[in-house]
Amino acid sequence: LAAKTLLECSFYIPTRRDKNLSDGKPHKRRAWKWLDNSLEVFGGVTEPTAPYRGWYLDRETGERVPDVSRKYIVAVPRWQVNDLRAVLRDACSVFQQKCIYLSIAGHVEFVEGRAHESE
Amino acid sequence: MKANDVYIDLDGDPIPLGKLDAEERRLVAQLRRRAATNPDWNAFDNYWTAALSAFYLPRGLSRRAVTQTIPWQIAQDLSGRIGIAAGYIQPPGPFDDLDEMVLFKFGSLRAFCKATSIPEKELGRFMAGRGDLSLNTLLKGLEAIGYRLRITPAAPAVKMKQPRSPRRRRTARPA
């Protein structure tokens, strides 16, 4: 039997809400609870213990925005990658982000929230 | 109810332990012992999510059903306490129940506002701490979906500290 091929996917969730979309404050417990529950269907997630600090240029304001994120690594079969994208689309709204960095087997994409898709 | 038959969560709400079997009680005790060692927040989340899956999946529960169990709720609460103490999570606030209802019962602010007739923009600004919402608007909206406001004693405050300096991530991402 051929082994089921899994793709390593990783994404970053900033520890604070976007200060342009929202108020820049740390998330509430319910947001992390929601993510725990949403990721359980993928059968296992690893979070490196150190938070990650970085920055990005806000496309709307042109401003350099520093952020601190939690990284998640999840191995998913190819057919489930869209499910992960859907979770991250919702996560944009739950965590008040314009987009979320997602790396799928080394290929990077930015998953936008539903409110930003038509812009 | 005996004190060891109930777990009091961060909101001061009791989670009954009476229906747990002996193994589940041991699991909860393990989670509480681990949380009491003041672990790293991410390390604790890695631990409890794996521990609960390893415990319940062999019992025939679906992954979705695992998230509905009492030990899962307790682990999330313990994780919340650790995250708050580390400065990564906002301490409990007065509108957490409303926030949870919007997300978990309605799925989105839009759906909640449609059901309650509360203007979405107004509620969105209020929930983000950027505006006020009239108490009457909220009361009427809640009444429309069969809810009401209740005043309860506050749970003890949880201290919040600044997170430790994290590892640098150089990757930039567009907004």
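**Entry 1: chain A as a whole**

I began with the surface of chain A, whose accessible area comes to about 5500 Å², with 50% of that area belonging to carbon and sulfur atoms. I note here that I am working from a predicted model, and I keep that in mind for each entry that follows.

I then looked up the extent of the chain, and found that the C-alpha trace of chain A spans about 50 × 30 × 25 Å along its principal axes. For its 119 residues, a compact globule would have a radius of gyration near 14 Å, and the 15 Å of chain A agrees with this. Of the 119 residues in chain A, 55% are buried. I also looked at contacts in chain A between residues at least 6 apart in sequence, and 63% of these join residues at least 24 apart.

Which secondary structure elements does chain A have, and in what pattern do they follow along the sequence? I found 2 helices and 5 strands in chain A, and read along the sequence they give the pattern β-α-β-β-α-β-β.

**Entry 2: aromatic rings**

Next I turned to the rings, and over all chains the structure holds 12 aromatic pairs. One of them is formed by A:Tyr12 and A:Tyr52, which are edge-to-face, with 5.7 Å centre to centre and 70 degrees between the planes. Because A:Tyr12 lies in strand S1 (residues 6–14) and A:Tyr52 in strand S2 (residues 52–57) of chain A, the pair ties together parts that are 40 residues apart in sequence. Are these two residues buried or exposed? A:Tyr12 is buried, with a relative accessible area of 7%, and A:Tyr52 also counts as buried, at 9% relative accessibility.

I then looked up a pair in chain B, where the ring centres of B:Phe95 and B:Phe126 are 4.8 Å apart and the planes stand at 70 degrees, so I record this pair as edge-to-face. This pair, too, links distant parts of its chain, since B:Phe95 is in the loop between helix H4 (70–85) and helix H5 (96–106) of chain B, while B:Phe126 is in helix H7 (residues 120–127), and the two are 31 residues apart. B:Phe95 counts as partly exposed, at 34% relative accessibility, whereas B:Phe126 is buried, with a relative accessible area of 15%.

**Entry 3: charges over rings**

I also looked for charged side chains over rings. A:Arg70 lies over the face of A:Trp32, at 4.8 Å from the ring centre. In chain B, the charged end of B:Arg34 sits over the ring of B:Tyr47, 3.8 Å from its centre.

**Entry 4: two helices of chain B**

Which residues of helix H8 (residues 135–144) of chain B are buried? I found B:Leu138, B:Gly141 and B:Leu142, and, seen down the axis of H8(B), the buried residues fall within an arc of 95 degrees, so they line one face of the helix. The face of H8(B) turned away from the buried side carries the exposed residues B:Asn136, B:Lys140, B:Glu143 and B:Ala144. Among what covers the buried residues of H8(B) are H5 and helix H6 (109–116) of chain B.

I followed this to H6(B) itself, where B:Phe112, B:Cys113 and B:Thr116 are buried. The buried residues of H6(B) likewise fall within an arc of 95 degrees when seen down the axis, so I record that they line one face of the helix. On the other side of H6(B), B:Arg110 and B:Lys114 are exposed. The cover over the buried residues of H6(B) includes H5, H7 and H8 of chain B.

**Entry 5: positive phi values**

Last, I looked up backbone angles. After H6(B) comes B:Ser117, whose phi is positive, near 65 degrees, and this residue is found in the loop between H6 and H7 of chain B. Is B:Ser117 buried or exposed? At 63% relative accessibility, B:Ser117 counts as exposed, because the cut-off for that word is over 50%.

In chain A, the phi of A:Ala105 is near 45 degrees, which is a positive value in a residue other than glycine. A:Ala105 is found in the loop between strand S4 (99–104) and strand S5 (107–112) of chain A, and it counts as partly exposed, at 46% relative accessibility.

Conventions
Residues are numbered from 1 along each chain as its sequence is written. Chains are lettered from A and ligands numbered from 1 in the order in which they are written. This is a predicted model: local features need pLDDT of at least 70, side-chain atom pairs count only at pLDDT 80 or more; totals for chains, interfaces and linings use all residues. Side-chain values use heavy atoms; hydrogens and water are left out. Rings of Phe, Tyr and Trp (its six-membered ring) pair if their centres lie within 6.5 Å; planes under 30 degrees apart count as stacked, over 60 as edge-to-face and the rest as tilted. Helices (H or I, at least four residues) and strands (E, at least two) are DSSP runs, numbered from the N terminus. Buried means under 20% relative accessible area, exposed over 50%, partly exposed in between (1.4 Å probe, protein chains only). A charge sits over a ring if NZ of Lys or CZ of Arg is within 6 Å of the ring centre and within 35 degrees of the ring normal. The radius of gyration is taken over C-alpha atoms; the globule rule is 2.2 Å times the number of residues to the power 0.38. Contact means heavy atoms within 4.5 Å. Accessible areas come from the Shrake-Rupley method with a 1.4 Å probe; for residues, only the protein chains shown count as cover. The arc is that of the directions from the helix axis to the C-beta atoms.
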